[in-house]
Amino acid sequence: MSLVKLEREESGLAVASLDHPPLNLFNRQLFEDLRAAIAAVETDPPRALLFRAEGRAVSGGVDVHEFDGLTPETGSALWDELIGTVERLEALPLPVVFAAHALTLTAAFELALGCDLILAARSARFGLVEKVVGLTPSMGGTQRLAERAGSGRARHFVIGGDLFDAETMERWGVVNLLWDDDGFDERARAYAADLAAGPTKAHAMTKRILRRFREGGVPAADRAVRDEAADLFATEDLQNAVKTFLAEGPGHARFQGR
C-alpha cells in the first residue's frame with residue numbers, strides 16, 4: 001500500500017496525501033512512494049498539485065532508523081537522492097501547494113519549502129530539528145528557508161532547533177496563507193482547485209522566470225522574459241482570454257491549460 005496517495009480530480013487538480021499513521025514518519029518506503037507520485041505527475045501533469053496529510057500531524061519527521069549505520073558515502077548518496085526529489089518537485093510546470101494542518105517537522109517541512117506556496121492552519125507548527133541526532137537538514141530545507149526568510153532567520157531556526165508557530169512563519173514570509181483550523185482542509189483543496197482552473201502555461205512561465213532569478217538574479221530573469229515569455233502568445237489560453245477580455249471584460253475567461 002502506498003504511503004503517498006495520489007488522486008486526480010475533475011478540476012485538473014492532483015492531490016498527494018501523506019498517509020503513514022500515526023505520525024507520517026518519513027522512512028524508505030515513504031520516500032520511494034513520494035518519488036513515485038512525483039514521477040506520475042511528471043509523466044501526466046495535472047494543472048496543479050496539492051500536498052496534504054492525513055492524521056493528527058503532517059509529519060513527526062524522519063524515522064531515525066533510516067540514519068542508523070549510514071556512512072559518509074551512503075549518507076552522501078542519500079542526500080543526493082533526497083535533494084534531487086525536491087528539485088524534481090520544483091521543476092514541475094504547474095502550481096504546487098503544500099497544506100500544513102498541524103505539526104510539520106524535518107523532511108515534511110523541507111518538502112513544503114520545495115513547493116510554490118505554503119498554506120497553514122493556525123495550530124500548525126514547524127521545525128527543522130535535526131540537531132537532536134547530530135545532523136543538519138539535508139533535503140535542501142536550510143537554503144530554501146533562507147530564500148524565503150533570510151539567512152539570519154534560517155540560522156536561528158536550524159541551529160536553535162526550536163518549533164515555530166504558523167503565525168511566526170507567516171510573518172517571516174515562509175507561510176503564504178494562514179487560515180483557521182476549522183475547515184482548513186476543504187479550504188486548501190478549494191484554493192488549489194482554483195489555481196488548477198487558471199492559465200497553467202503562464203504559471204509555468206512564472207516559475208521558470210523565478211528559477212532563473214534564483215540562479216542568476218534579476219539579469220538572468222530578465223533574459224528569460226526576453227527569450228521565453230513571448231511563447232505565451234502561442235497558447236490557446238492567452239489567445240482566448242484576450243478575446244474574452246475585449247468582448248466581455250475581465251474575469252470571464254475560462255482556461256484549459258493549453
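Val-133 is partly exposed, because its relative accessible area is 40%; buried means under 20%, exposed over 50% and partly exposed in between, with a 1.4 Å probe and protein chains only. Val-133 sits in the loop between strand 7 and helix 4 (141–149). Helices (H or I, at least four residues) and strands (E, at least two) are DSSP runs, numbered from the N terminus.

This is a predicted model, in which local features need pLDDT of at least 70 and side-chain atom pairs count only at pLDDT 80 or more, while totals for chains, interfaces and linings use all residues. Residues are numbered from 1 along each chain as its sequence is written, and side-chain values use heavy atoms, with hydrogens and water left out.

Two strands pair if DSSP finds at least two bridges between them. Strand 7 (residues 125–127) and strand 8 run antiparallel and are joined by two bridges. Arg-125 stands opposite Asp-165 in strand 8.

Most residues other than glycine have a negative phi, and most peptide bonds are trans. Thr-106, in helix 3 (residues 106–113), has a positive phi of about 40° although it is not a glycine. Thr-106 is buried, with a relative accessible area of 7%. Asn-24 also has a positive phi, of about 50°, and is not a glycine. Asn-24 counts as buried at 1% relative accessibility and lies in the loop between strand 2 and helix 1. Pro-22 is in the loop between strand 2 (13–18) and helix 1 (28–43), and the peptide bond from Pro-21 to Pro-22 is cis, with omega near 5°.

How many helices and strands are there in the protein? There are nine helices and nine strands. The radius of gyration, taken over C-alpha atoms, is 19 Å, close to the 18 Å that the globule rule (2.2 Å times the number of residues to the power 0.38) gives for 258 residues, so the protein is as compact as a globular protein of that length. The C-alpha trace spans about 65 × 40 × 35 Å along its principal axes. Of the 258 residues, 46% count as buried.
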